[in-house]
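User: Could you walk me through how to read pockets and aromatic pairs in a structure? I would like the general idea and then the case at hand.

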Amino acid sequence: MFPSPTETDIAPSGTLLGLLQRGRGDGWLHALAAPKAEAVAALEHCVLNDPRPDWQLEHRSLYYARLYLELDAGLDAIAAHLFHPDFPPGFPPGLPPDESGPADAPSGEEERTGLALSVLGHLVSYGRRPALRLLRAYALRGANWRWALDELAVRDTDAGLRALGPGILDRFPRTEGGEAALTAAARDSFEPRPWRIWAEDPARPAQRQRLATAMERGDFDRWQRQLRTTGPRPGWSVASVLAWARDGYEQTPRQWREAPAARCLAAVAGPQDRTELLAAAGGGHPAARAAALRHLAERGDARALTLIDAASASSHPDVRRAALAAFARMTGPQALDQARRWAVRRDELGTAAAALLARRGTATDAPRVLAALQRAARTRGSDSRELRPLVEGAGRLCVTAAVPVLRHLYRQTPSSQLRCHAARALAATDPAFPSALAVECLWDCEEETRQLAAEFATTGDSRAVERMRLLANDPAERADVQTVLRGRLARRATG
């Protein structure tokens with residue numbers, strides 16, 4: 001009825017690899033039932049080839065780390081992935097014998113090694129010493145050393161971190177450029193704990209002095225940046241704000257200032273500026289047009305809908321995107337009435353209109369939301385961005401007729417975020433959810449999905465109850481999830 005995911009690197013959802021790539025609870029259960037060698041191979045493939053559609057938003061590391069523990073899998077494959085391919089396979093986790101040269105691929109992109117490093121971090125939390133040694137070694141020699149250091153910062157001991165100080169600082173030569181890089185690294189560190197430990201190391205006075213100087217420069221740099229701001233200032237006019245938006249668009253890399261420019265327009269624009277804003281929203285530079293469209297839409301200007309309709313047909317992709325974003329921010333009965341008329345369209349504006357009805361419509365809009373959801377799943381696949389508001393709307397409006405497509409999206413989508421929204425919609429629309437998919441969700445990779453399962457999964461399933469008990473006592477589980485689980489278990493115990 002609906003197409004499968006189009007990504008060539010995501011296996012079908014009915015396979016062990018496909019389930020693990022998606023982070024589904026069924027992947028965990030299938031891995032434990034499969035031959036160990038097959039399960040470990042699939043797990044390692046996922047960790048070494050990050051399958052997440054958006055690696056910055058979706059979670060997999062705790063899911064994979066827990067599975068490493070359950071399968072008692074070794075870390076040789078992760079070590080070989082992190083370190084230089086010329087190293088002999090199977091070397092003991094720790095510092096390789098040759099400490100010269102880069103430790104891994106020269107490119108050093110975070111997404112290449114980030115998932116593996118995060119998995120190691122969780123394994124350290126569970127007491128796996130080989131994972132700790134591997135993280136320490138990579139922090140000293142790896143290209144993505146900052147990520148490894150952040151993992152260690154919240155898990156390693158003071159003594160362990162202190163021992164890394166000289167090796168980390170050796171990355172920065174004692175030149176003008178090296179000292180500037182050290183200042184930036186210390187100033188911009190996500191986890192400051194290691195830097196504080198190194199700056200207070202009593203056994204290394206030269207290191208203390210060097211870091212004290214770097215941190216002092218970093219504080220001065222922050223102060224200087226605040227003084228040198230090039231953003232809007234008091235007294236700016238509408239023309240100045242629009243020019244600022246255009247300037248950011250022309251920079252390299254491009255700075256898309258649509259939102260801050262619209263906020264500035266709210267502060268400086270008056271009734272006398274409406275003609276200028278209408279002209280900017282009707283044509284001209286994409287950045288100025290986007291800012292003006294957003295400003296007029298947020299204020300419900302009488303011409304906003306007409307301008308949005310025209311901009312959505314523009315040949316410029318940034319203008320089309322800005323028109324859809326502006327329409328999504330509109331409120332009030334006029335916008336809803338127009339959305340009901342536009343929702344039947346098959347273009348991007350029609351999809352945006354259906355999404356607006358999904359977020360703000362009434363029960364009478366359920367057929368329109370359902371039609372748009374089915375159309376998007378059929379024509380856009382199971383991971384398109386248009387699906388999220390429609391899935392959420394199906395749950396908010398309790399569209400029971402959407403259950404088949406919601407189940408399909410839950411099973412097929414490679415996005416664990418979308419699967420979470422599909423599960424929440426099913427909790428509101430599918431009477432079978434507590435005894436079926438909610439039980440699977442207890443093993444899901446996403447914390448929010450596990451919390452949903454903790455609220456809805458039946459306690460009549462012994463397998464589900466045992467999983468609830470394990471998660472309720474797992475120190476790595478999120479506190480919100482454990483609070484719900486302990487409440488459910490307590491109520492079950494008291495009848």
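Predicted model: local features only at pLDDT ≥ 70, side-chain atom pairs only at ≥ 80, totals over all residues.

User: Which secondary structure elements does the protein have?

Analyst: The protein has 28 helices and zero strands; these are DSSP runs numbered from the N terminus (helices: H or I, at least four residues; strands: E, at least two). Of its 495 residues, 50% count as buried, where buried means under 20% relative accessible area, exposed over 50% and partly exposed in between, with a 1.4 Å probe and protein chains only.

User: How do I read a pocket, and how much space lies in the largest pocket?

Analyst: Rolling a probe the size of a water molecule over the atoms shows where empty space is left. A pocket here is an open set of points on a 1 Å grid over the protein atoms alone, where a 1.4 Å probe fits, with protein on both sides within 12 Å along at least five of seven lines; lining residues have an atom within 4 Å of a point. The largest pocket holds about 890 Å³, a volume being the space filled by probe spheres set on the points, which are joined across faces, edges and corners. It is lined by 30 residues, with Asp383, Ser384, Arg385, Glu386 and Arg388 closest to its centre. Helix 20 gives the largest share of this lining, five residues.

User: What is the make-up of that lining by class?

Analyst: The lining of the largest pocket has 14 charged, eleven nonpolar and five polar residues. Ala, Val, Leu, Ile, Met, Phe, Trp, Tyr, Cys and Pro count as nonpolar, Asp, Glu, Lys and Arg as charged, and the others, Gly among them, as polar.

User: And how many aromatic pairs does a search of the whole structure find?

Analyst: A pair of aromatic rings is described by the distance of the centres and the angle of the planes. The search finds eight aromatic pairs. One of them, Phe327 with Trp342, is edge-to-face, at 5.1 Å centre to centre and 65 degrees between the planes. Rings of Phe, Tyr and Trp (its six-membered ring) pair if their centres lie within 6.5 Å; planes under 30 degrees apart are stacked, over 60 edge-to-face and the rest tilted. Phe327 lies in helix 18 and Trp342 in helix 19, so the pair ties together parts that are 15 residues apart in sequence. Phe327 is buried at 0% relative accessibility, and Trp342 is buried at 7%.

Terms used
Residues numbered from 1 in each chain as written. Heavy atoms only, no water.
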